[in-house]
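Colleague: I have a model open and would like to talk it through with you. Could we look at it together?

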Amino acid sequence: MRLTSEQALDDGVLERDFLLGEIPGTLWTPRSTAPLILMAHNNGLPRSDSRLVARARYTAAEHGYAVATIDAAGCGDRPRSAADERVRAELRRAVRAGEPADELLESVVGPLVVGAVPDWRTALDALLELPGIAGPVGYSGWAALGIRLAAVEPRIAAACLYAGGYVPHAQREEARQVTTPLLLLLQWDDEGNPRQRALDLFDTFGSTEKTLHANRGGHLATPRFELEDSCRFYDRHLRSAQVSAVPLAVDPEPDRVQEDDRMR
């Protein structure tokens with residue numbers, strides 16, 4: 001991993017851009033060692049998108065998590081084939097014309113997810129080697145990518161998925177394999193994403209602990225308090241896992257066990 005820039009922000013967070021082979025990424029870290037959250041934007045939008053950056057900085061500054069994002073293959077400014085660009089252009093045309101777009105979405109998002117997952121796993125390997133970053137790992141954002149990552153990556157311990165993006169048929173089936181604790185965020189009036197599809201997806205997940213938060217409003221109207229709630233969700237499943245991994249100290253007297261101070 002090669003660092004390409006480093007900046008200490010006013011909120012105490014260290015922001016670093018990095019390059020891992022052809023994979024560009026950004027890492028935000030608080031002052032102390034922290035669990036890692038991978039944060040992805042829907043359908044390959046760039047990691048520099050202002051909404052993602054705001055979520056990442058808040059999560060690092062206010063709740064003390066390390067947050068990382070990348071532009072995986074086909075995402076952000078990464079190159080795309082001419083065929084990919086033609087399909088995307090047709091998709092934009094169909095959306096503007098109000099025509100059915102599921103078939104086009106399937107042909108865009110499906111390959112994008114499959115191509116992105118190896119890059120995210122490569123980045124995860126490298127990030128967990130850095131000082132100041134510890135497991136377990138959380139995931140936040142793009143639902144289709146999060147489903148596939150949670151299905152194939154055992155280091156994902158909790159996932160908060162945004163239901164505001166198209167989920168290909170393959171990932172709807174893979175959701176049955178996901179047993180990670182799950183928080184699904186749904187905008188009830190999202191004009192481009194039928195709510196029933198999101199409700200059906202929620203039913204499909206194999207997780208025994210899964211929670212659905214639905215709020216009124218369109219695609220971009222997710223209330224700010226959901227960001228706070230998602231951090232509390234990570235506290236339960238990432239920080240509690242860290243604490244439970246702390247060994248107990250054995251008292252010199254037999255049959256007496258005193259908990260480590262960090263567990264009190």
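Colleague: What covers the buried residues of α4?

Modeller: The cover includes β4 (34-40), α3 (102-127), β6 (133-142), β7 (156-162), α5 (169-174) and α6 (195-204). Helices (H or I, at least four residues) and strands (E, at least two) are DSSP runs numbered from the N terminus. Please note that this is a predicted model, in which local features need pLDDT of at least 70 and side-chain atom pairs count only at pLDDT 80 or more, while totals for chains, interfaces and linings use all residues. Residues are numbered from 1 along each chain as its sequence is written, and side-chain values use heavy atoms, with hydrogens and water left out.

Colleague: How many residues of α4 are buried?

Modeller: Seven of the ten residues in α4 (residues 143-152) are buried, so that helix is mostly covered, where buried means under 20% relative accessible area with a 1.4 Å probe, counting protein chains only.

Colleague: Which ones are they?

Modeller: The buried residues of α4 are Ala-143, Ala-144, Leu-145, Gly-146, Ile-147, Leu-149 and Ala-150.

Colleague: On to the aromatics. How many aromatic pairs does a search of the whole structure find?

Modeller: The search finds two aromatic pairs. Rings of Phe, Tyr and Trp (its six-membered ring) pair if their centres lie within 6.5 Å; planes under 30 degrees apart count as stacked, over 60 as edge-to-face and the rest as tilted. Tyr-65 and Tyr-234 form an edge-to-face pair, with 6.2 Å centre to centre and 65° between the planes.

Colleague: Where do Tyr-65 and Tyr-234 sit in the chain?

Modeller: Tyr-65 lies in the loop between α1 (50-63) and β5 (66-70), and Tyr-234 lies in helix α7 (residues 225-244). The pair links distant parts of the chain, as the two residues are 169 residues apart.

Colleague: Are these two tyrosines, Tyr-65 and Tyr-234, buried or exposed?

Modeller: Tyr-65 is buried, with a relative accessible area of 0%, and Tyr-234 is buried as well, at 2%. Tyr-65, Phe-233 and Tyr-234 form one aromatic cluster.

Colleague: Now the whole chain. How many helices and strands does it have?

Modeller: The chain has seven helices and eleven strands. Its radius of gyration is 20 Å, close to the 18 Å that the globule rule gives for 264 residues, so the chain is as compact as a globular protein of that length. That radius is taken over C-alpha atoms, and the rule is 2.2 Å times the number of residues to the power 0.38.

Colleague: What share of the chain's residues count as buried?

Modeller: Of the 264 residues, 47% count as buried.

Conventions:
Buried < 20%, exposed > 50% of the residue type's maximum accessible area, 1.4 Å probe, protein only. Contact = heavy atoms within 4.5 Å.
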